[in-house]
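Hello,

Please find the structure below. My notes on it follow.

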Amino acid sequence: MTGPTINTSQIRGTPTKDNPEPRLSNTLEGVETRREALPTYICSKCDNKKTEDDYYLKDRNGRRDTTCKACRIIAQREKTLGVTQDQYLSMFTKQKGQCGICRKRLYSKRYKAFAVDHDHQTGHIRGLLCTNCNTGLGLFKDDPVALQRAIEWTKV
C-alpha cells in the first residue's frame, strides 16, 4: 500500500514552472498574496473619509485616533504658534511653495508640511522652512553672529 501523494509544487522552496525563484516567494504558489484594502474612517474634525494610515495610533491595542493626522497638525500649529490654516496657506502661497532659505519644495514622504519659523523670544513669525533649514537655525540657536561665522567658515 502506498501513502498519500504530495504535490511538490506547493512546498515552499520548490521551483515551479511559473516561479523559477521560489525563495523569493513568501507563500505557497497559487495563494492570493495581495494586501487587502485598508479600512477607512471618517475624521471627527474635517469629516473626510481616510484610510487608517492617515490616523495616529491611540494606544498599544491598535486603536486609532478619531482625528486625522492632517487635522492634528493644524490644531497643534494653531495651539502652539497661533497660526491658522488660512495664515499658513497665505505664507505658502507668498513663498510659492518653497522653503524660505533653500528654496526647495517639500520632497519628503515623511514631512507633509513646512515648519512655521518664528523667533523664540518675541514669537514673531518669520515664514515657512523645510525641516533641514529649520533644524539648522535651531542648532545655531537663531544667533546671527554664529550664523555669520558659519558663512565665513564655508567660504574658506
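Which residues does Asn48 touch, not counting residues up to four places away in sequence? They are Tyr41, Ile42, Cys43 and Tyr55. The model is a predicted one, and what follows should be read with that in mind.

Asn48 sits in a loop, the one that runs between β1 (40-42) and β2 (49-51). With a relative accessible area of 41%, Asn48 counts as partly exposed, because that value falls between the 20% limit for buried and the 50% limit for exposed. Cys68 is 20 residues from Asn48 along the chain, and 8.9 Å separates the C-alpha atoms of the two.

Lys50 belongs to strand β2. Lys50 is buried yet forms no salt bridge. Its nearest side chain of opposite charge is that of Asp54, at 5.8 Å; a salt bridge needs the side-chain nitrogen and a carboxyl oxygen within 4 Å. Once neighbours within four places in sequence are set aside, Lys50 is in contact with Pro39, Thr40, Tyr41, Tyr55, Cys68 and Ala70.

As for the whole protein, there are four helices and six strands, and their order along the sequence is β-β-β-β-α-α-β-β-α-α. The protein has 156 residues, of which 19% count as buried. Its accessible surface is about 12,700 Å², and carbon and sulfur atoms account for 53% of that. Taking contacts between residues at least 6 apart in sequence, 25% join residues at least 24 apart.

Regards

Terms used
Residues are numbered from 1 along each chain as its sequence is written. This is a predicted model: local features need pLDDT of at least 70, side-chain atom pairs count only at pLDDT 80 or more; totals for chains, interfaces and linings use all residues. Side-chain values use heavy atoms; hydrogens and water are left out. Helices (H or I, at least four residues) and strands (E, at least two) are DSSP runs, numbered from the N terminus. Buried means under 20% relative accessible area, exposed over 50%, partly exposed in between (1.4 Å probe, protein chains only). Contact means heavy atoms within 4.5 Å. Lys and Arg count as positive and Asp and Glu as negative; His and the chain ends are not counted. Accessible areas come from the Shrake-Rupley method with a 1.4 Å probe; for residues, only the protein chains shown count as cover.
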